[in-house]
Amino acid sequence: MRQSTFFASETIDAVRASGNVLRLPGGEIRLPTAFGFCRGVNRALAMLEEACAARDADPSSLFLLGQIIHNPWVNDYFAGLGVRILNSDQVDNLEDFITPADRAVIPAFGVKVDTEQRLKKVGCEVIDTTCGDVRRLWLWACRAAENAFGVLIFGRSDHDETVVTKSRLDAVGGKYLVVGDLIKTGQFADMIAGDIPDEKFAEFFPPICTNAESLEPFGQLAQVSQTTMLYSDTVAVREILEGAFAVRFGADLSADRLLFEPTVCHATQDHQTSAAELCSSGCDLVMVVGGFGSSNTRHLHELARGYVPAFFIENADAIVSADRVIAYDSNLDEPVALDDWLPTRRPLSIGVLAGASSPEIVVGQVIDRLAGFLR
Ligand code: SF4
């Protein structure tokens, strides 16, 4: 598969060539060992680029079923080539847009079973960029469901990937419950352990996060994670569940009732490990670059904040000046203007993290902008 070159950056190439460090009179800018596009994203983008460039094919006959990846710059690039990007409502009415002569592109996180079936009925060409790691998650979760295990998905119930995972479980008659954080996991565990009555199930877990009506299907439980969650949190979820099952069923019997598959993908784990190494190695601050809708980039931001001041930005334009940056506020779930973000002392060591959907060209522009403050 040809790798995408459009999203490359000369600045990043130069920083990489000097050991992931850019040394400047006023300090340094450092990159982690693993950052930016993962294998799954590279593959998806290369497939879409090939489809756009196919001889005799008009890019406007290409319909993306949602964003190809969660990065606005990348989606705008393909929209600029003429590719039409359907939102989730439009995907639910895809027959209104896609004809048999068109081509439909399935994004890296896949599509719901129902969408797949309706595409078959339309009869158009389908370009399926679903990542292998996402497919592996579906397979394992569905197999567990077929073996009478309820499935606990650690992820965001409205995230594209988890929406698809839920639909795959629905299709095999499986029961699922999505928990988005350790607090929600704790509530579920308290219910298992008997500290919260079972009757409260529907109150704690509305239909967006479960297709079950009671706790009953989860007495045998298989745990998976959205591929982009924090791996450390995934392990914490497992420990919380083990404790609760031991209380309810006894330590010996609970082992047979609990299955665990670490479906956080290797790329996400590598990014998180090297981000932690960088953040703990003496950076004064960290810039996290990526789409605000990108789960794995959000988690890099969460991780970085545990070490140093960390600013999550979508692109270089967010760095308004040495005094002001427009950065994502995780409490408000929106970008806000922050003043006095850049210390005046020199030398400074600035780390730059980039999620698996962050193009190098954008990361390179951020580094160029930061370098201007350290010259
Ligand atoms: S982040 Fe992981 S699951 Fe998502 S596309 Fe990349 S490799 Fe695949």
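This is a predicted model: local features need pLDDT of at least 70, side-chain atom pairs count only at pLDDT 80 or more; totals for chains, interfaces and linings use all residues.
I turn now to helix packing. Two packed helices are described by the angle between their axes and the distance between the axes.

For helix α2, residues 39-53, and helix α3, residues 72-80, the axes come within 11 Å and cross at roughly 15 degrees. Because angles under 35 degrees count as roughly parallel, α2 is roughly parallel to α3. The crossing of α2 past α3 is left-handed. On the α2 side, the contact is made by Leu-45, Leu-48, Glu-49 and Cys-52, and α3 contributes Val-74, Tyr-77 and Phe-78. By class, six residues in this contact are nonpolar, none is polar and one is charged.

The second pair is helix α6, residues 132-146, with helix α7, residues 160-171. Their axes lie 9 Å apart, and the helices pack at an angle of about 35 degrees. Here α6 passes α7 in a right-handed crossing. From α6, the residues that meet α7 are Val-134, Leu-137, Trp-138, Ala-141, Cys-142 and Ala-145; their counterparts in α7 are Glu-161, Val-164, Thr-165, Arg-168 and Leu-169. Sorted by class, the contact of α6 with α7 comprises eight nonpolar residues, one polar residue and two charged residues.

Methods:
Residues are numbered from 1 along each chain as its sequence is written. Side-chain values use heavy atoms; hydrogens and water are left out. Axes are lines fitted to C-alpha atoms, for helices over the stretch in contact, and angles run from 0 to 180 degrees between N-to-C directions. Helices (H or I, at least four residues) and strands (E, at least two) are DSSP runs, numbered from the N terminus. Angles under 35 degrees count as roughly parallel, over 145 as roughly antiparallel, 65 to 115 as roughly perpendicular and the rest as oblique. A crossing is left-handed if the near helix is turned anticlockwise from the far one by less than a right angle, and right-handed if clockwise. Contact means heavy atoms within 4.5 Å. Ala, Val, Leu, Ile, Met, Phe, Trp, Tyr, Cys and Pro count as nonpolar, Asp, Glu, Lys and Arg as charged, and the others, Gly among them, as polar.
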